[in-house]
Amino acid sequence: MFSLSSTAIDREALRARVISPAAGGFVSFEGWVRENNEGKEVSALEYEAYAELAVAEGKKIVAEAERFGIIEAECVHRTGALAIGDLAVMVVVSSAHRKAAFEACEYIINEIKSRVPIWKRETYTDGETTWVNCSHQHATGTKS
Amino acid sequence: MGKSQAERQIWGEDILSNQNTKTVRVDYFALLKEQRGLSSEQFQTKSTTVKELYEELKAMYNFSLPHSSIGVALNDEFTNWEKTLSEKDKVVFIPPVAGG
């Protein structure tokens, strides 16, 4: 399951969704807003999502992670304005044994970052703003 | 009296151009939204493919991103640049993503 949230992510609620008596291991990843990026001091940050496609693609990624042999996986990504230290994205995975959960968790966050249509606008302490990755003209890797 | 040759030609061309013109919905995000100055519009175009539509809009609004650096979605699904446009399609151009 994948969802977008315009309000703070509830860690405990998300964790509770993957708890299972069959699980022997749990792995989570939290992506936080960092105070600097590429040498520039960040003062504010905003995530914008193409909601329809972001949710569809996010769900697809979480479903793909089932191939690692996990029990449950969930991911929530924030939208809107965030402050330094805020939780931007969280992935939780449960599995019978730890290896599958580690692998699935890493797979999910990597794919989310490269495939899901979510954009990040950073504002720096010098007043400049930028849409991250948009000036470097990277390929999006959005072919599915 | 029937229509003159010239009239028939004009009439015929109009029919042809009406067939080629379609109105599509274009949504913009991130840098493209900023450069376009709005998040959604109904756009009348004679472009056949999504690539032609992007080039048309890029020239009109001076988008900085070449089509080769972005993705495109048609009716909320990723698609390829050669996809043909139909009336009422929803087109979204996808600048390089930066989630996480």
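Colleague: What makes strand S5 (residues 72-78) and strand S7 (residues 87-95) of chain A a pair?

Modeller: Two strands pair if DSSP finds at least two bridges between them. S5(A) and S7(A) are joined by six bridges in the antiparallel sense, so by that rule they are a pair. One place to look is A:Val76, whose bridge partner in S7(A) is A:Met90. This is a predicted model, in which local features need pLDDT of at least 70 and side-chain atom pairs count only at pLDDT 80 or more, whereas totals for chains, interfaces and linings use all residues. Residues are numbered from 1 along each chain as its sequence is written, while chains are lettered from A and ligands numbered from 1 in the order in which they are written.

Colleague: Why are S1 and S2 of chain A said to stand at the edges?

Modeller: The open sheet has four strands in the order S1-S5-S7-S2 of chain A, with mixed pairing. Strand S1 (2-5) and strand S2 (25-32) each have a single partner strand, so one side of each is left without a neighbour in the sheet. From one strand to the next, the twist averages 10°. Helix H2 (residues 51-64) of chain A packs on this sheet, touching S1 and S5, and its direction makes about 140° with that of S1(A). H3(A) packs on the sheet as well, touching S2, S5 and S7 of chain A at about 150° to the direction of S7(A). Those angles run from 0 to 180 degrees between N-to-C directions, with axes being lines fitted to C-alpha atoms, for helices over the stretch in contact.

Colleague: How do you know how many helices and strands chain A has?

Modeller: Helices (H or I, at least four residues) and strands (E, at least two) are DSSP runs, numbered from the N terminus. Chain A has three helices and nine strands, in the order β-α-β-β-β-α-β-β-β-α-β-β from the N terminus on.

Colleague: And why is chain A called as compact as a globular protein of its length?

Modeller: The globule rule is 2.2 Å times the number of residues to the power 0.38, and the radius of gyration is taken over C-alpha atoms. For 144 residues the rule gives 15 Å, and chain A comes to 16 Å, close to that value, so the description holds. Along its principal axes, the C-alpha trace spans about 50 × 30 × 25 Å.

Colleague: What makes A:Trp32 buried, exposed or partly exposed?

Modeller: A residue is buried if 20 or more other C-beta atoms lie within 10 Å of its own, exposed if 12 or fewer, and partly exposed in between, with C-beta atoms placed from the backbone. A:Trp32, in strand S2 of chain A, has 13 C-beta neighbours inside 10 Å, so it counts as partly exposed. B:Thr21 has 12 such neighbours and therefore counts as exposed. B:Thr21 sits in the loop between helix H1 (5-20) and strand S1 (22-27) of chain B. Across chain A, buried residues make up 35% of the 144 residues.

Colleague: Which residues are in contact with A:Trp32, and what does "contact" require?

Modeller: Two residues are in contact if their C-beta atoms, placed from the backbone, lie within 7 Å. Leaving aside neighbours within four places in sequence, A:Trp32 meets that with A:Gly85, A:Asp86, A:Leu87 and A:Ala88. The C-alpha atoms of A:Trp32 and A:Gly85 are separated by 5.5 Å, although these residues are 53 apart along the chain.

Colleague: What makes a set of residues a nonpolar core, and which ones have the most contacts inside the largest?

Modeller: It is a set of buried Ala, Val, Leu, Ile, Met, Phe, Trp, Tyr and Cys residues joined through C-beta atoms within 7 Å. The largest has 58 residues, and A:Ala73, A:Val93, A:Ala104 and A:Ile108 have the most contacts inside it. Helix H3 (residues 98-115) of chain A gives the largest share, eight residues. Beyond four places in sequence, the contacts of A:Ala73 include A:Val18, A:Val93 and A:Ile108.

Colleague: How do you know that S8 and S9 of chain A pair?

Modeller: Three bridges join S8(A) to strand S9 (residues 129-131), running antiparallel, and as at least two are needed, they therefore pair. A:Thr123 stands opposite A:Thr129 in S9(A). The two strands form a hairpin with four residues between them, and A:Gly127 in the turn has a positive phi of about 95°.
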